[in-house]
Amino acid sequence: MRHVTIALSEPPTVAGAGVGVHGVVGLHDVFRLPDLWQLHLYGYAGELVLENTVHAIKPGHVSLIPPGAEVHYHYRGRSEHLYAHFRLPGEDERRTVTVMRDAGDQAPVIGAALGQAIAAVPGTPARASAEVWSVLWRVASLPVVGSRPAVVAAAIEYIEANLAAPLTVPDVARAAGVSHNHLTRLFRAQSGDTVVAYIRRRRLSRALHMLRESTLAIPAIAAAVGIADLQAFNKACRRELGASPRVLRARR
């Protein structure tokens, strides 16, 4: 088994969370949890065998094991991991993820969230549920390093964090670690949009939200979405949203 499908439309019900310590008595464990998912963040090297598929375990790797699956662990000595055992009551927002993934720079964030879940289990199970739910979404969103989704995800993350600043395609490409032309090709193939069109659409979407939901002055909104020239902002709103900023605000 290399992939599992998880439904994330509702928060999980956490049955237990903690620090697992293995490899002390023996270097091989076999077990299963009939009714519970298993989420592990590893701090050691070893092997996990699931339905005859061997998965290498390395520090910073995270795994998701479905209920009822028999797992074989092979250790190299004392081995510790953070774990959460849970049920998934939802049916929608399905995501297919690999059983074992390198969490990369997300490993400390995932570790911190699991630490909070472990501390919350005895007294505030709702907090534990929220922390594990956030981890599951992070795991489901982990990109494959160097893949098209990873490059586009890095580009989008940079754009969303810098909408108020001047943005050029070369800037975004540098942040994503690829050339201008390569980003342009990948972005269009992945999203069906150009980088410039995406930036324009996101700026206007954020502007519309602030026009409708806040009392912030229109010039301030224009500056907050990276269109400091008020005349250009008016033109962009008319062209993309069908009305001037004042009319859009009045429609709320």
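Val225 is buried, with a relative accessible area of 0%; buried here means under 20% relative accessible area, exposed over 50% and partly exposed in between, using a 1.4 Å probe and protein chains only. The structure is a predicted model, in which local features need pLDDT of at least 70 and side-chain atom pairs count only at pLDDT 80 or more, while totals for chains, interfaces and linings use all residues. Residues are numbered from 1 along each chain as its sequence is written, and side-chain values use heavy atoms, with hydrogens and water left out.

Val225 sits in the loop between α7 (218-224) and α8. Helices (H or I, at least four residues) and strands (E, at least two) are DSSP runs, numbered from the N terminus. Leaving aside residues up to four places away in sequence, Val225 touches Leu163, Ala164, Arg203, Arg206, Ala207, Met210 and Phe233, where contact means heavy atoms within 4.5 Å. Pro34 lies elsewhere: its C-alpha atom is separated by 50 Å from that of Val225, and the two residues are 191 residues apart along the chain.

Two of the residues touched by Val225, Ala207 and Phe233, also take part in the meeting of α6 with α8. Two packed helices are described by the angle between their axes and the distance between the axes. For helix α6 (residues 195-213) and helix α8 (residues 230-241), the angle is about 95° and the axes are 11 Å apart. Axes are lines fitted to C-alpha atoms, for helices over the stretch in contact, and angles run from 0 to 180 degrees between N-to-C directions. The helices α6 and α8 are therefore roughly perpendicular to each other; angles of 65 to 115 degrees count as such, those under 35 as roughly parallel, those over 145 as roughly antiparallel and the rest as oblique. From α6, Arg200, Leu204, Ala207 and Leu208 meet Phe233, Ala236, Cys237, Arg239, Glu240 and Leu241 of α8. The residues of this contact comprise seven nonpolar, no polar and three charged, with Ala, Val, Leu, Ile, Met, Phe, Trp, Tyr, Cys and Pro counted as nonpolar, Asp, Glu, Lys and Arg as charged, and the others, Gly among them, as polar.

Turning to the strands, an open sheet is formed by four of them in the order β3-β8-β5-β6, with antiparallel pairing; two strands pair if DSSP finds at least two bridges between them. At the edges stand β3 (28-31) and β6 (53-57), each with a single partner strand, so one side of each has no neighbour in the sheet. Direction ignored, neighbouring strands of this sheet are turned by 20° against each other on average. Strand β5 (residues 46-50) is joined to the antiparallel β6 by five bridges, and Val49 stands opposite Val54 in β6.

The loop between β5 and β6 holds Glu51, which has a positive phi of about 50° although it is not a glycine. Glu51 counts as exposed, at 53% relative accessibility. Glu93, in the loop between β9 (79-87) and β10 (94-98), has a positive phi near 55° and is likewise a residue other than glycine. With a relative accessible area of 39%, Glu93 is partly exposed.

For the chain as a whole, the secondary structure comes to nine helices and 11 strands. Its radius of gyration is 23 Å, well over the 18 Å that the globule rule gives for 252 residues, so the chain is more spread out than a compact globule. This radius is taken over C-alpha atoms, and the rule is 2.2 Å times the number of residues to the power 0.38. Of the 252 residues, 43% count as buried.
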